[in-house]
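Subject: Structure handover

Hi,

Here is the structure I promised to pass on. My notes follow below it.

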Amino acid sequence: MFSANENILLRQHKRRVIQYIEATIPENALELGTAVMVMQVSCRQPGCVPLETAITIVFPKPPTKRKKKAPAAGVAGTADKEEKKEGDPAFPKPLIPNLEESRIGGSFKTRILKPLADVTRR
């Protein structure tokens, strides 16, 4: 269990690492809702690093294109209009070059084999 001071330090390290990552993401991707999550994970299995940093970048889902369907024949003034999706939604190009998850609205996950306190900008 962490003490209050350890929790405060951990949150500070987490914010610092998130800032490092967000500084590398294009502004338009952040404005569309890209989120960065950082966690310190412990492992007690033999051969694994005791503390590592897990990073997930979650990209927004692209807007879906919808095709409006005409009302059924003989039914005038129908309020319910069915909509049908046209293919899988995607941004025209990735929000981050060469990262397909940023084009289709997925998440990118990676690990740094160090505790949060030891993670640097490099």
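Along the sequence, the elements run α-α-β-β-β-β-α-β. That gives 3 helices and 5 strands. Both kinds are DSSP runs numbered from the N terminus: helices are H or I with at least four residues, strands are E with at least two.

A word on the source. This is a predicted model, where local features need pLDDT of at least 70, side-chain atom pairs count only at pLDDT 80 or more, and totals for chains, interfaces and linings use all residues. Residues are numbered from 1 along each chain as its sequence is written, and side-chain values use heavy atoms, with hydrogens and water left out.

Of the 122 residues, 21% are buried (under 20% relative accessible area; exposed is over 50%, partly exposed in between; 1.4 Å probe, protein chains only). Take the contacts (heavy atoms within 4.5 Å) between residues at least 6 apart in sequence: 58% of them join residues at least 24 apart.

Beyond its neighbours within four places in sequence, Val17 touches Val38, Ile55, Leu116 and Val119.

Thr56. This residue sits in strand β2. Thr56 is buried, at 17% relative accessible area. Leaving aside neighbours within four places in sequence, Thr56 contacts Ala35, Val36, Met37, Ser107, Phe108 and Lys109.

The pocket. On a 1 Å grid over the protein atoms alone, a pocket is an open set of points where a 1.4 Å probe fits, with protein on both sides within 12 Å along at least five of seven lines; lining residues have an atom within 4 Å of a point. The largest pocket is lined by 16 residues. Nearest its centre are Ile21, Ile55, Ile112, Arg121 and Arg122. By class, the lining has 10 nonpolar, 3 polar and 3 charged residues.

The disulfide. The whole structure has 1 disulfide (cysteine sulfur atoms within 2.5 Å). Cys43 and Cys48 form it, with their sulfur atoms 1.7 Å apart. Cys43 is partly exposed at 22% relative accessible area. Cys48 is partly exposed too, at 28%.

Best wishes

Methods
Ala, Val, Leu, Ile, Met, Phe, Trp, Tyr, Cys and Pro count as nonpolar, Asp, Glu, Lys and Arg as charged, and the others, Gly among them, as polar.
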